Amino acid sequence: MNKHISILLFACLMLTSCGLYKSYERPSDINVDGLYGQAEQSADEQGLGATSWRAFFTDLTLQALIERGLAQNASMQQIDLQIREAQEYLTVSKLAYIPSLVFTPQGQLSSWDWAAPSKTYTFPVTASWQIGSLGALRNAKKQADVSVEQARVGRLAVQQALVSNIANLYYTLCMLDEELAISEQTAANWRESVERTRQLMAAGRSNKAALAQTEANCYTVEASVLDLRESITEVENSLCTILGEAPHHIDRQSLATFQMPAQVSTGVPMSLLANRPDVRQAELKLASAFYGVNIATSAFYPSLNISGTLGFTNSAGTMVVNPGKWIWNAVAGLTQPIFQNGRIRAQKRVAVMQQEEAKIGFQQQLIAAGNEVNTAMVKLQTLQAKTSLYDGQIAALHDAVEATEALYTNNVTHSVNYLNVLTAQTGLLQAQLGQISNRLQTVQAAIELYQVLGGGGADE
């Protein structure tokens with residue numbers, strides 16, 4: 001009868017603890033509707049975020065820089081070590097399923113009233129197997145699996161940021177090169193204007209004020225050339241720091257090498273879960289909390305511990321026996337918590353609340369990700385729309401400069417003075433620099449959209 005009761009009790013325990021063996025599944029009430037706001041959503045499940053960085057950045061010079069950064073960057077090397085650390089802890093959790101063995105040899109000398117000492121020795125090997133509560137070891141292993149995955153996703157996040165930073169600095173250098181070229185050409189043009197104004201003053205068709213103002217503007221442009229050269233050195237040094245290299249010149253092409261994807265698509269919102277490391281981290285935190293609840297629940301169930309000893313000794317009972325004898329023993333114990341001052345229940349309640357916190361954090365991370373996608377899309381569309389406006393403005397200012405200079409040079413009545421020329425030339429320079437800046441911002445906006453969609457985390 002007692003045997004049947006024990007079997008029935010064990011079966012009940014197994015049935016009531018079956019929830020401890022369930023794997024994490026994403027909660028069905030997580031809302032992903034309307035995450036992108038008014039941004040266009042494609043039917044593509046992945047969208048731009050699924051594109052490898054090699055396919056997104058087609059400039060071979062930039063690709064070589066990214067490869068060096070991934071291989072040499074200190075943060076990448078550190079995160080690789082953290083992944084290996086997490087894998088070691090996972091190995092430990094897997095080994096918890098097998099018994100532990102301890103070898104504790106002992107020797108003893110004992111004497112009574114200074115008589116010849118007796119000698120004893122023991123060579124025992126002790127094995128212990130802590131099976132633990134039902135499902136506790138399994139959930140601990142699952143939680144360790146999640147920790148390894150979190151480390152891997154953390155690496156993707158570091159790689160994403162690294163790829164984007166290298167690309168942004170690279171194209172910033174390309175922009176500075178173009179600004180430097182325009183500024184140097186403008187400085188040369190201003191030098192010609194100074195000489196032409198000097199000649200006009202000698203012919204009585206200009207004055208000292210016009211010459212002085214022209215020279216002052218020329219000095220301003222020449223000073224900006226020096227500033228641009230300094231900025232180039234600073235950006236090159238920043239890029240070298242990321243690459244883990246000493247300061248040196250960075251080879252580069254031009255802004256024109258960046259090819260905007262023919263069709264920029266965001267993919268459906270759920271694709272964020274597959275590509276964005278921060279969203280994946282938030283869900284992994286929720287998964288870890290899920291297994292934490294299971295571990296806390298397992299504390300309510302019996303814990304089984306098995307231990308045994310097998311060894312060789314020359315002491316059996318009270319007499320010293322040589323040669324020695326084999327000894328062994330085995331012990332099994334079952335522990336069922338009954339009263340723990342509310343500690344186990346409190347731990348379970350805390351674990352459930354931590355799971356709910358993680359769920360709220362996951363939902364909020366999704367909302368934040370969707371807002372970032374919407375912002376990046378609007379920013380990119382705005383900058384693309386401004387491109388044609390800058391083109392038109394520069395074409396008009398080119399005509400204005402040519403016409404104004406011709407009128408000033410050939411106008412005997414001085415109806416067009418030197419201020420008109422200076423205004424036209426300054427406006428052209430500012431528009432040209434603005435156009436280059438807008439092109440860089442457009443490239444950076446595309447990189448930002450690529451990053452917020454989860455791109456850059458994988459090579460292929």
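The residues lining the largest cavity comprise five nonpolar, four polar and one charged; here Ala, Val, Leu, Ile, Met, Phe, Trp, Tyr, Cys and Pro count as nonpolar, Asp, Glu, Lys and Arg as charged, and the others, Gly among them, as polar. The model is a predicted one, in which local features need pLDDT of at least 70, side-chain atom pairs count only at pLDDT 80 or more, and totals for chains, interfaces and linings use all residues. Residues are numbered from 1 along each chain as its sequence is written, and side-chain values use heavy atoms, with hydrogens and water left out.

A cavity is a set of points on a 1 Å grid over the protein atoms alone where a 1.4 Å probe fits but cannot get out, and lining residues have an atom within 4 Å of a point. Ten residues line the largest cavity, and S193, T197, T214, Y408 and V421 lie nearest its centre. At least two residues of this lining come from each of α5 (136–202) and α10 (418–452); helices are DSSP runs (H or I, at least four residues), numbered from the N terminus.

Helix α5 also packs against other helices. Its axis and that of helix α8 (residues 277–298) come within 9 Å and cross at roughly 165°, the axes being lines fitted to C-alpha atoms over the stretch in contact, with angles from 0 to 180 degrees between N-to-C directions. α5 and α8 are therefore roughly antiparallel to each other, a term for angles over 145 degrees. The residues of the contact of α5 with α8 divide into eleven nonpolar, ten polar and four charged. Within helix α8 lies D278, which is partly exposed, with a relative accessible area of 28%; partly exposed covers the range between buried (under 20%) and exposed (over 50%), for a 1.4 Å probe and protein chains only. The C-alpha atoms of D278 and A157 are 7.2 Å apart, although 121 residues separate the two along the chain.

How do the axes of helix α3 and α5 cross? Those of α3 (residues 60–72) and α5 come within 10 Å and cross at roughly 140°.

Finally, L81 is located in helix α4 (residues 74–95) and is partly exposed, with a relative accessible area of 47%. L81 and A151 are 70 residues apart in sequence, and their C-alpha atoms are 9.6 Å apart in space.

How values were computed
1 Å grid on protein atoms, 1.4 Å probe; cavity = no way out; pocket = protein on both sides within 12 Å on 5 of 7 lines; lining within 4 Å. Parallel < 35°, antiparallel > 145°, perpendicular 65-115°, else oblique.
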